[in-house]
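Have a look at the model first, then read on.

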Amino acid sequence: MALPVQDQMKYWGLAAAGFAVVLWFLGDVLLPFVLGGAIAYCLDPVADWLERVGLTRGAATAVITVAMLLVFVIMTLAVIPLLIQQAVSLFEFAPQLFRDLQASLAERFPNMLDEGSVVRSTLLDLGESIKQTGGQLIQTVLTSVGTLLNFVALFLITPVVAVYLLMDWDRMVARVDELVPLDHRPVIRHLAKEIDRVLAGFIRGMGSVCLILGTYYAVALWLVGLQFGLVVGVIAGLLTFIPYVGAIVGGVLAVGLALFQFWGEWWWIVAVYAIFQSGQFIEGNILTPNLVGNSIGLHPVWLLLALSVFGSLFGFVGLLVAVPLAAALGVIARFLAGQYRNSRLFRGLTGGETGFFESDGE
């Protein structure tokens with residue numbers, strides 16, 4: 001005989017509470033395993049495709065591992081040191097940038113920047129704050145990641161975990177499916193498929209969009225000779241997962257730097273602006289429709305809320321699990337909304353019938 005709903009809710013609530021406690025106490029220990037699982041999830045479609053073209057699962061995993069190792073070596077030797085150097089230089093350059101802005105404003109609006117004015121002091125304080133805060137942030141990150149324990153955990157354990165999970169991914173999914181309660185198997189399978197669709201659309205799709213746009217912005221800004229173009233391109237690419245935010249933040253930063261560097265050479269300033277305009281066109285008309293799809297069901301505001309809450313509660317590991325949990329909670333919320341619209345509480349005594357999964361558009 002099936003357990004009453006109250007007992008089922010109690011057990012599942014205890015499981016969720018236990019999961020939260022594990023994240024709270026073992027977050028740092030779990031970091032390489034969470035990263036490894038995320039990498040395996042993202043690369044599983046590539047392994048499936050290689051299997052369809054004739055490779056075994058082991059051979060497909062080996063091919064992916066070698067390819068990722070080559071990419072990692074190239075990034076470590078060529079890109080990451082330059083990125084760190086430009087980031088440090090940008091933070092060091094911030095006070096001079098704001099002093100130049102102050103001089104430019106003083107030349108055009110002399111009354112605005114009198115000695116002791118609010119605008120003058122604000123610009124100076126803002127530049128120094130960026131320099132100090134940015135330097136401390138970079139130093140903290142480099143110091144924490146540079147410790148032996150973190151190095152071993154992130155750069156040795158994570159790839160090993162990712163390889164083993166990628167090798168056994170399909171078998172693990174099948175074993176988990178066997179453990180799903182029989183009474184709820186159809187509904188849970190439907191929800192799991194919907195969660196996977198949302199996650200695949202966001203993590204794999206938006207991850208690819210961010211990578212492509214970040215590379216495009218960085219290379220294009222480097223070709224026009226913009227100082228700190230690599231950092232600006234990376235920032236714009238990372239923020240692309242929030243609609244328009246990446247282009248706005250990166251565009252404002254790049255155009256602002258171009259105004260100081262290319263003042264009087266307007267064609268270069270226009271070129272920097274055109275880079276971000278073309279990036280937005282490529283994203284909206286080519287990348288997002290083909291890699292993400294029309295709708296992934298994960299609103300940017302809901303995503304930011306999840307990142308803020310889980311990041312505050314569980315640190316960096318919370319940021320990693322925020323996206324899948326936000327996707328799962330969003331799918332479950334839409335399912336419950338559909339159940340509510342199909343219930344007598346919503347329809348009353350005279351309401352019409354509605355579809356079981358009407359909220360999902362299926």
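**Core and rings at a glance**

Searching the whole structure turns up 0 disulfides (cysteine sulfur pairs within 2.5 Å). Bear in mind that this is a predicted model, where local features need pLDDT of at least 70, side-chain atom pairs count only at pLDDT 80 or more, and totals for chains, interfaces and linings use all residues. Numbering runs from 1 along each chain as its sequence is written, and side-chain values use heavy atoms, with hydrogens and water left out.

**Cysteines**
- Cys210 is buried at 14% relative accessibility, while Cys42 is partly exposed at 30% (buried is under 20% relative accessible area, exposed over 50%, partly exposed in between; 1.4 Å probe, protein chains only).

**Nonpolar core**
- The largest nonpolar core has 52 residues, and Tyr217, Leu221, Leu226, Ala254, Ile275 and Phe276 touch the most other members (a core is a set of buried Ala, Val, Leu, Ile, Met, Phe, Trp, Tyr and Cys residues joined through side-chain atoms within 4.5 Å).
- The largest share, 14 residues, comes from α10 (helices are DSSP runs of H or I, at least four residues, numbered from the N terminus).
- Leaving aside residues up to four places away in sequence, Ala254 touches Leu221, Leu226, Val232, Val272 and Phe276 (contact means heavy atoms within 4.5 Å).

**Aromatic pairs**
- There are 3 aromatic pairs in the structure (Phe, Tyr and Trp rings, six-membered for Trp, with centres within 6.5 Å; planes under 30 degrees apart are stacked, over 60 edge-to-face, the rest tilted).
- Tyr216 and Tyr217 make a tilted pair, 5.6 Å centre to centre with 50° between the planes.
- Tyr217 also stacks with Phe276, at 4.4 Å and 20°, linking helix α6 to helix α9 across 59 residues.
- Tyr217 is buried at 1% and Phe276 is buried at 4%, whereas Tyr216 is partly exposed at 27%.

Key: Helix = DSSP H or I, 4+ residues; strand = E, 2+ residues; numbered from the N terminus.
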